[in-house]
Amino acid sequence: MKTLFTILVLFISVRSLAHVCHISLYDPYNRPYLNVYSTQDPDCQQATNTCYRTISERRLDPNYYRCYTISMTNDPLVSQPQTRPQNRPQNNPSTIEPIDTDYQRGIEMGETVIYEGKLWLVSSSRNGFHDLIPEGGKKKDKVEGISRGQIAITRGCLRNICTKTSVISRLTRSYMAVKGIDFRGRYILKNVANKELTFDVDFMYLIKTEGCVNDVCVGKTVQDRYNQYFEVVGMQADGLVVIKDERQKLSFSVDPRELIATN
């Protein structure tokens, strides 16, 4: 009798586990942002709806945040929701492919570029290689045969972030100016305060200093639920905002739904 009871318990447990749905919400960098589980949900529709509702409620960009089925019931009568595609980058989940190619465009004669951390003028080009003269320097100091892959542009945009615009760095928590975009789609930044250059900065670490979420816009004064006042200074890619208090202290990842615009 004890053996029969044990088998019955195991059978019920297996059947229960077989109907557990696991839907994962992935961020733009192919990392699990949120996991959703549901039981007694044979077609996983409940978990799927929760996942997509999260995208909407948190104002995440649906072009970058996606719901994928990790595991679900093995019942052959159950339809299979969208599964996580195998061609998504697996080897380096901290990167995301650029959505435009301006950063890899051709270089024009006389254009100012960045090479080895310095500003140069393009004096001539041949067969995909370029001769450069130091900006403000002398022709005798020119370098020859520099490949396009070694050169960063100082004029152009990538993912709606353009050179000569202001951003906030999530790494340094400071204001930076975009000085260039290299051939790999990484940004070159200049610290507004100390003028130091930072190279090889990924898009995920930049926050735009313009834009709105509903009536919460950069430059506006807002009030939180504790009746404290802040200035909105940045818009994150995930729909959250950056605010600044009267002491100039920055607060990141603030939900705009908890703020009220006062002007």
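**View 1. Lining of the largest pocket by residue class.** By class, ten nonpolar, four polar and five charged residues line the largest pocket of this predicted model. Here Ala, Val, Leu, Ile, Met, Phe, Trp, Tyr, Cys and Pro count as nonpolar, Asp, Glu, Lys and Arg as charged, and the others, Gly among them, as polar. Asp61, Arg159, Phe203, Lys208 and Ala237 lie nearest the pocket centre, out of 19 lining residues. A pocket is an open set of points on a 1 Å grid over the protein atoms alone, where a 1.4 Å probe fits, with protein on both sides within 12 Å along at least five of seven lines; lining residues have an atom within 4 Å of a point. Strand 15 (residues 206–208) gives the most to this lining, with three residues; strands are DSSP runs (E, at least two residues) numbered from the N terminus.

The model is predicted, so local features need pLDDT of at least 70 and side-chain atom pairs pLDDT 80 or more, while totals for chains, interfaces and linings use all residues. Residues are numbered from 1 along each chain as its sequence is written, and side-chain values use heavy atoms, without hydrogens and water.

View 2. Thr154 is found in the loop between strand 8 (152–153) and strand 9 (157–158). Thr154 is buried, with a relative accessible area of 9%; buried means under 20% (1.4 Å probe, protein chains only). Not counting residues up to four places away in sequence, its contacts (heavy atoms within 4.5 Å) include Thr112, Val113, Lys179 and Gly180.

**View 3. Contacts of Leu189.** Leu189 touches residues including Val167, Met176, Val201 and Leu206, not counting residues up to four places away in sequence.

Notes:
Helices (H or I, at least four residues) and strands (E, at least two) are DSSP runs, numbered from the N terminus. Buried means under 20% relative accessible area, exposed over 50%, partly exposed in between (1.4 Å probe, protein chains only).
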